[in-house]
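Let's take a walk through this one, a residue at a time. Have the viewer open and follow along.

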Amino acid sequence: MVACAEKGLSGLEPIVGVPGSVGGAVAMNAGTRDGEIGPLVVEVSVVDLAAAQARTLPRSEMTFSYRASSLTDLVLLSATLQLKPGTKVI
């Protein structure tokens, strides 16, 4: 999140201080009372171990709810998040 602040990108403020990795945050829709990461997710790259394949999922193929997502049975490799311009703070 420091890299986002250095570049003047905003949107992740509601989850500052939530421990864990980006992959874990997306898979469990990490958040606080101020917001969640799910609405920021544009697409993810995953490995489906059951199907033995890697693939990219667009937002339309994912669901997010309170501390859950449709991604829990997948290994997340990367996530593209839609952030917005903000004020550089560092």
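Is L77 buried or exposed? L77 is exposed, because its relative accessible area is 54%; the cut-offs are under 20% for buried, over 50% for exposed, and partly exposed in between, with a 1.4 Å probe and protein chains only. Before going on, a bit of housekeeping: this is a predicted model, where local features need pLDDT of at least 70, side-chain atom pairs count only at pLDDT 80 or more, and totals for chains, interfaces and linings use all residues. Residues are numbered from 1 along each chain as its sequence is written, and side-chain values use heavy atoms, leaving out hydrogens and water.

Back to L77, which sits in strand β8, residues 75-81 (strands are DSSP runs of E, at least two residues; helices are runs of H or I, at least four; both are numbered from the N terminus). Together with L49 and V75, L77 makes a nonpolar surface patch of about 300 Å².

Now look at D48, in strand β4, residues 41-48. D48 is buried, since its relative accessible area is 14%. Leaving aside residues up to four places away in sequence, D48 touches Q53, R55 and L74, where contact means heavy atoms within 4.5 Å.

Finally, M1 lies in the segment before α1 (2-7) and counts as partly exposed at 45% relative accessibility. M1 touches L12, I15 and V16, again not counting residues up to four places away in sequence.

Notes. Patch = residues over 30% accessible without salt bridge, like charges linked within 9 Å, V, L, I, M, F, W, Y side chains within 5 Å. Areas by Shrake-Rupley, 256 points an atom, 1.4 Å probe, with all protein chains shown as cover. Salt bridge = Lys/Arg side-chain N within 4 Å of Asp/Glu carboxyl O.
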